[in-house]
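I opened this model to look up its sheet, its chain contact and its overall build. My notes follow.

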Amino acid sequence: MVSLINEAFKKARNANRPALLTYTVAGDNTKKKSLDILKSISDHADICELGFPHNTPIADGGQIQTSAYRAIKNGIKINDVFAIAKEFKLSKKTTPIILMGYYNMIYQYDENKFLKKCKSSKIDGLIVVDLPYPENKIFSKKCKRNGINFVQLVSPTTSNIRLKRIVRDSHNMIYYISMLSTTGGKLKVSPKKILENYFKIKNQNKSKNVVIGFGITEKSIKSLKKADGLVVGSAICKEISKSIKKRQNAVTNVTNVVRRLKNKIK
Amino acid sequence: MKIKKGVPLIDQHDQFGFWGGKFGGSFIPETLKKPVEDLTDEFKKLRKDKKFIKKKDYYFKNYIGSPTSFVKLENLSSHLGGAQIWAKVVSEANGGAHKIYNATVHALLCKAMGKKYIVGDTGAGYAGKMLSMAAKKFGLKCKIFMGAKDIKRQKPNCDAMKKNGAEIVPVYSGSQTLVDAVSECMRYWVSNCDNTHMCVGSTVGPNIFVKICGWSTAQISRELKKQLKSEFKKIPKKIKLINCVGGGSSAYGFWSEFIDFNKKQIELIGVEAGGPKKSKLHAAPLSRNAKIGVLHGAASYVCQDNEGQINETESISAGLDYPGVSPIHCFLKDTKRARYTYATDEDALNAHVMVTKFENLNPSLEPSHAFAEAIKIAPKLSKDTIIIVNSCGDAKKDRDILRERLGKN
């Protein structure tokens, strides 16, 4: 089976640029609005991460928390998240979509049922923030069996032994957390240092697509261009909050942000 | 699922940190894997290190003031009739509650690991107060995360934290109580784990924190075992150990030495926060049949909705106002070694009034939940039944709530 995620990275590589990955929260601030945003930004983004919001997020900073609480308050349910993804895929067949969230939501839905639903909604990948390696081994195998890419996370604190094992057991994509931080923190490590760590992962196995995330904004994205992919989340969530506050069109504003991000890495 | 004899309960987990195959674990972001592993290794080493044990015992005795007393509540017993009611007055410990044991051990661990900063969460403010005390004592910089609602309702403890030089970080997200404080504290640790140690205030959180906390509070039952033998010559035939359960640290500490006993001889009763009588909200995942879920890095019974969103809780007692509970208590529940029930806000207030009326004892709202159960069952029991309540906190911190609800000074 062709992996859309792999294809997206290949396409970016052929254009001599990193893939741009966006993160938005499903249902922020309404189901329809989040779908509109997703459709619109995917004209510029290569891969879309879609968060399924949880009300006790232990690794998210203020911007994503705000988006998540807003979505939950507006009544988003997990089945709505799948519906949004499915609807999105009707018009954007080749744009990969990765769901991201916390394990309790999957656990309550039932792992197998969750994966079946992912498959029928044409979800391409899954990031589970609080299901680390090696605890995620069984689940990630299940994902693979269902044709879903389980994205392993690596952080600056990951030891070399762990790194080797994680890369060995990873699927197509690995997510490198740029620094010790929750999402959306201020970049407190130099891009040079981040890329140094990035290549430590990349050099383990060149066939894996390694992306960098956490703290990436319009300001810093260019300096990390050498990576296979770059994830921007909080900066986008922040723009949604800002648009709501100013009563402006979030779809237009967020799309502009994503377009500018893309132009910086072209 | 079975409890092994002769092995401390905190060590009866599998290689992934699960008790009974399903409670506990370490559901943590990748960034925390390394600091959690470091802490696990350090604790494994130090708990067997004679010098470290000696140091811990020295501070438990000379700083915390062990042993705390074990007294018979004569007036309350004769008023109620039936069983004898005794109290283990853990609130005599330095600072006024059992939280000092865990805080002291964490401060010692933090120092041993060469970290200068320590952070912690707090609900009732006791875990925060004690951590600020221990930090001051051992020369550590301390930050305490506390829900904005709790800051308002537990002012005396906040004043104490500030006096000890700790910074209180108010948490405004969610319900602005303990659950949000723990989340925020974990988020802070994710960002600062290179130079900062985190203390989880109860037997909750990723596996290692459950173990460290349980190891620390176990002091309570070690003392009680000795006191029982010296008071009754041997361990009596019918004992009921009643303890409030929020996260469950004082209950585990109160019970740990007695888990191997037959439950007909020593019954373990945990009392959760039932919330206001007229409210649907509560903080009683064990006794009101919550489903298993993952909260703050561990699997346990959790108050949550069908989707896995954590429910808001409500309790007059900030220290019990938490939607999850220790995986160890889930294990004790499912193996039927302990029995769990709940008391409402009103039950706890009434119990507080009755205990303070008859005895020279001032239990905070948390142990007042345990006293409520004792008061309920004592009249139905025989005279040779020994009910022991862990009076694990002092009501000074509840001054404002008690004044409001009871019109008391």
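**Sheet in chain A**

I began with the sheet of chain A: an open one of nine strands, in the order S5-S4-S3-S2-S1-S9-S8-S7-S6, with parallel pairing. The model is predicted, which I keep in mind throughout. Next I looked at the edges. Strand S5 (149–150) and strand S6 (152–154) of chain A stand there, each with a single partner strand, so one side of each has no neighbour in the sheet.

I then checked one pair inside the order. Strand S2 (residues 47–51) and strand S3 (residues 97–101) of chain A run parallel and are joined by four bridges. I looked up Leu50(A) and found its bridge partner in S3(A) to be Leu99(A). Helix H2 (residues 31–41) of chain A packs on the sheet, where the helix touches strand S1 (19–25) and S2 of chain A. The direction of H2 makes about 175° with that of S1(A).

**Contact between the chains**

What does each chain put into the contact? I read 30 residues from chain A and 31 residues from chain B. On the chain A side, helix H3 (62–73), helix H5 (103–109) and S6 each supply at least two residues. H5(A) gives the most, with five residues. I sorted that side by residue type: 14 nonpolar, 13 polar and three charged.

**Build of chain B**

I counted 15 helices and 14 strands in chain B. Its C-alpha atoms fill a box of roughly 55 × 45 × 45 Å along the principal axes. A compact globule of 409 residues would have a radius of gyration near 22 Å; chain B has 19 Å, which agrees. Buried residues make up 61% of the 409 residues in chain B.

Technical notes
Residues are numbered from 1 along each chain as its sequence is written. Chains are lettered from A and ligands numbered from 1 in the order in which they are written. This is a predicted model: local features need pLDDT of at least 70, side-chain atom pairs count only at pLDDT 80 or more; totals for chains, interfaces and linings use all residues. Two strands pair if DSSP finds at least two bridges between them. Two residues are in contact if their C-beta atoms, placed from the backbone, lie within 7 Å. Axes are lines fitted to C-alpha atoms, for helices over the stretch in contact, and angles run from 0 to 180 degrees between N-to-C directions. Ala, Val, Leu, Ile, Met, Phe, Trp, Tyr, Cys and Pro count as nonpolar, Asp, Glu, Lys and Arg as charged, and the others, Gly among them, as polar. The radius of gyration is taken over C-alpha atoms; the globule rule is 2.2 Å times the number of residues to the power 0.38. A residue is buried if 20 or more other C-beta atoms lie within 10 Å of its own, exposed if 12 or fewer, and partly exposed in between; C-beta atoms are placed from the backbone.
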